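Me: I'm new to this one and I'd like to learn how to read it. Can you show me the structure and take me through it slowly?

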Amino acid sequence: MSVRPYRDIHRRQSRQIHVGNVPVGGDAPITVQSMTNTDCEDVQGTVEQIKRLEDAGCDIVRVSCPSEESTQALAQIVPQVDIPIVADIHFHYKRAIEAAQAGASCLRINPGNIGSRARVQEVVKAAKDYGCSMRIGVNAGSLERDILEKYGEPCPDAMVESALTHARILEEEDFYEFKISCKASDVFLAVAAYMQLADACDYPLHIGITEAGGQRSGTIKSSIGLGNLLWAGIGDTVRVSLSCDPVEEIKVGYEILKSLGLRHRGVNVVSCPSCARQQFDVIETVRTLEERLEHISTPLTVSVIGCVVNGPGEATLTDVGFTGGGRGTHQVYVNGLPSHRLKDEDIVDHLVKQVEAKAAEIEAQKDTQRKAEAEDTASAGPAAAE
Ligand code: SF4
């Protein structure tokens, strides 16, 4: 029995696959991914964008490969980046084979859409030869004609039937290293389809609300859709689709996972909306602080609360806490306990220093723990290491 059972999420049991060196499914952490929007043939621009995504915490990145030139460019991009690349193929089986040869870690392709069985066999062979997994990507907006005729309109049954039909084609070729997505821009449809698919198979699921919109509306739709699924234990890798800089997709993906306690990266800020009781400018302080703390990847929580009404209570649950106090004397908390007061110093500068020090302390503890574990394994001898 956990200490706070109301926070427990029971994750769906899925099989585990690998996208390069990143495990997806099973008990692997839920990964966050995005997609480049540069021209793939622009090698330098694409590598730079992938590097920015890596810095933001992206685990897996997808790159469109619509032409032979783009798969040639992919061969130059792969060695320059550190995260695995999913080559987005869609229809042309030759692009899939080229992408596998170019070093893609995963192929996004629907085997039912590439023509003959012989072509599927060639793609599967390339995937096996080059260690690629695949992603079957069903989209409500592009369902196969026969399925649409059968169901009349995109609906959960139609999407699941499409996904399982593609899956069966790969199973017939003895290929099981794939994940499935079942996306729709309509939150109800996407969630219902994923729930049904989650019951119908044990493949890992890539979840997302497709074409979700701009930064604000897309974030809200994705949070509702992905939030529902993740809360129900469904989803092994997430992509938030936003019409904006892909780095924002990563940030939103992490925020969704952080809200549900499923993954932690960087600073989780707890702040009040502020009101007439505030003892400093909460909104401006939080805005600047979040910007200044973007470089911290260590998971920790910081509270920034305008006054003593809620400040001390919130601070007890944080690594670093800050509560506005009367006559310009504010209270700083560390590890949930009152630490010191702050009067004339700049609030943001002071909190950044406190958070950086706390992050360094946590990282040093982790290092010590890792070294101790490595020494334990070494001293236990080869039998224990097996
Ligand atoms: S914590 Fe204080 S300043 Fe913040 S909203 Fe509540 S009463 Fe207002």
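Reply: Let's begin with a rule for angles: under 35 degrees counts as roughly parallel, over 145 as roughly antiparallel, 65 to 115 as roughly perpendicular, and the rest as oblique. What you see is a predicted model, where local features need pLDDT of at least 70, side-chain atom pairs count only at pLDDT 80 or more, and totals for chains, interfaces and linings use all residues. Residues are numbered from 1 along each chain as its sequence is written.

Me: How do helices 3 and 4 cross, and at roughly what angle?

Reply: In general, two packed helices are described by the angle between their axes and the distance between the axes. Axes are lines fitted to C-alpha atoms, for helices over the stretch in contact, and angles run from 0 to 180 degrees between N-to-C directions. Helices are DSSP runs (H or I, at least four residues), as are strands (E, at least two), numbered from the N terminus. Here, helix 3 (residues 93-102) and helix 4 (residues 117-130) have axes that come within 9 Å and cross at roughly 10°. Helix 3 and helix 4 are therefore roughly parallel to each other.

Me: Which residues meet there?

Reply: Contact means that C-beta atoms, placed from the backbone, lie within 7 Å. Helix 3 brings Y93, A96, I97, A100 and Q101, and helix 4 brings R119, E122, V123, A126, A127 and Y130. That contact has eight nonpolar, one polar and two charged residues. For the classes, Ala, Val, Leu, Ile, Met, Phe, Trp, Tyr, Cys and Pro count as nonpolar, Asp, Glu, Lys and Arg as charged, and the others, Gly among them, as polar.

Me: And how are helix 6 and helix 7 set, parallel or oblique?

Reply: The axes of helix 6 (residues 156-172) and helix 7 come within 9 Å, crossing at roughly 45°. Helix 6 and helix 7 are therefore oblique to each other. On the helix 6 side the contact includes P156 and M159, and on the helix 7 side L189 and A192. By class, this contact has ten nonpolar, one polar and no charged residues.

Me: What about helix 7 and helix 8?

Reply: Helix 7 (residues 187-200) and helix 8 (residues 215-231) have axes that come within 10 Å and cross at roughly 20°. Helix 7 and helix 8 are therefore roughly parallel to each other. V187, A190, V191 and Y194 of helix 7 touch K221, I224, G225, N228 and L229 of helix 8.

Me: Which residues are around the ligand?

Reply: A residue is near a molecule if its C-beta atom, placed from the backbone, lies within 6 Å of it. Around the ligand you find C272, P273, S274, C275, R277, Q278, I305, G306, C307, V309 and N310. This shell has six nonpolar, four polar and one charged residues.

How values were computed:
Contact = placed C-beta atoms within 7 Å.
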